[in-house]
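Have a look at it first, then we'll walk through it topic by topic.

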Amino acid sequence: MFKKSNIAYMLVIVCLVFSCSPSKDVVYFQDANQFETLVEDNSFTSKFKVDDLVSIHISTLDAEASAPFNLFRGAEEGGISAEQVNYLVDKNGEIDFPVIGKVKIEGLSPSETKELLREKLSDYLKDPIINIRIRNFTVTVMGAVNRPGTYPVNGEKISIMEALGLAGDITIKGRRDNVMVLRDFDGAKVYNRINLNSKEALKSPVYYLTQNDVVYVEPNKSGKTQSNLDQRASIAVSILSVLITSTVVLLTRN
């Protein structure tokens with residue numbers, strides 16, 4: 001007859017064995033070889049979308065000449081204020097720019113937008129310096145991560161790995177081989193999945209995220225309800241039931 005302490009140890013060991021995920025399920029880029037150089041051929045460029053808030057600042061050597069092309073909230077004398085007005089990309093994909101009027105920037109990258117504005121400003125300004133930035137660039141990370149939430153992005157792009165880093169990484173109960181990215185594209189919702197266990201993830205069109213992307217990490221089998229457990233987990237439950245029953249019997253006999 002087993003001692004009570006031995007049975008307790010067996011219960012703990014069985015729980016640990018069946019609760020842990022295999023290493024192949026939790027290792028990122030596991031097919032990358034030692035010292036292998038992963039050549040990134042993902043030609044990602046962020047594009048403006050409807051409802052984006054865009055900061056645009058025009059400057060020249062002649063500050064007085066460029067002043068009419070910059071909008072400021074509560075402008076003080078001379079047209080200078082601490083807070084510059086952001087441009088909203090309307091439902092037609094356009095912004096209403098001072099002096100030159102409507103400019104369609106939906107689908108353009110910041111560099112493409114700079115060239116378009118430079119062309120339109122050529123009749124008014126000489127060699128303008130144009131600074132453009134997306135002000136509402138956020139990504140949302142949900143599901144089996146340590147800190148789900150919506151995170152602001154400083155810059156023009158962020159990789160899915162960086163976004164997961166902001167969310168505290170995927171938990172042990174999250175699937176790394178089937179992460180879903182929900183993206184707005186031309187007025188429609190587009191779903192795409194990426195396998196972060198493989199180095200091929202670097203080539204995925206969703207490895208780099210765009211503004212307002214939603215990343216959803218699906219729970220693995222150990223994270224789902226008992227009705228969805230596979231045969232291995234069912235065996236574990238059966239073993240645990242037998243051990244618990246045996247323990248109760250031994251305890252009640254003493």
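What follows is an overview, then notes on the core, the strands, a lysine and some backbone angles.

This is a predicted model, so bear in mind that local features are only described where pLDDT is at least 70. The protein has 254 residues, 34% of them buried, and its secondary structure comes to five helices and twelve strands. Among contacts between residues at least 6 apart in sequence, 64% join residues at least 24 apart.

**The core**

- The largest nonpolar core has 43 residues, and Ile56, Phe97, Ile160 and Leu164 touch the most other members.
- Leucine 164 touches Tyr28, Val141, Val145, Asp169, Ile170, Leu196, Val215 and Val217, leaving aside residues up to four places away in sequence.
- Tyrosine 207 sits in the loop between β10 (188-194) and β11 (208-209). Is tyrosine 207 buried or exposed? It counts as buried, because its relative accessibility is 9% and the cut-off for buried is under 20%.
- Tyrosine 207 and isoleucine 160 are 47 residues apart in sequence, yet their C-alpha atoms are 5.4 Å apart in space.

**Strands and sheet**

- Three strands make an open sheet, ordered β2-β1-β5 with antiparallel pairing. The edges belong to β2 (87-88) and β5 (129-134); each has a single partner strand, so one side of each is left without a neighbour in the sheet.
- Six bridges join β1 to β5, and valine 54 stands opposite isoleucine 134 in β5.
- Elsewhere, β3 (residues 94-97) pairs with β4 (residues 101-104) in the antiparallel sense, over four bridges.
- Phenylalanine 97, one of the core residues that touch the most other members, stands opposite glycine 101 in β4.
- Three residues lie between the strands of the β3 and β4 hairpin, where valine 99 takes a positive phi near 70°.

**A buried lysine**

- Lysine 49 lies in the loop between α1 (4-19) and β1 (53-59).
- Lysine 49 does have polar partners: its side chain meets that of threonine 210 in a polar contact of 2.8 Å, and reaches the backbone oxygen of aspartate 184 at 3.4 Å.
- Not counting residues up to four places away in sequence, lysine 49 touches Val89, Glu106, Arg183, Asp184, Thr210, Gln211 and Asp213.

**Positive phi angles**

- As background, most residues other than glycine have a negative phi.
- Aspartate 51 goes against that, with a positive phi near 80°. Aspartate 51 is in the loop between α1 and β1, and counts as exposed because its relative accessibility is 52%.
- Asparagine 212 also has a positive phi, near 70°. Asparagine 212 is in the loop between β11 and β12 (214-217), and it's partly exposed, with a relative accessible area of 35%.

Methods
Residues numbered from 1 in each chain as written. Heavy atoms only, no water. Core = buried A, V, L, I, M, F, W, Y, C linked by side-chain atoms within 4.5 Å. Buried < 20%, exposed > 50% of the residue type's maximum accessible area, 1.4 Å probe, protein only. Contact = heavy atoms within 4.5 Å. Pairing = 2+ DSSP bridges. Helix = DSSP H or I, 4+ residues; strand = E, 2+ residues; numbered from the N terminus. Polar contact = N/O pair within 3.5 Å; in protein donor to acceptor, adjacent residues only side chain to side chain.
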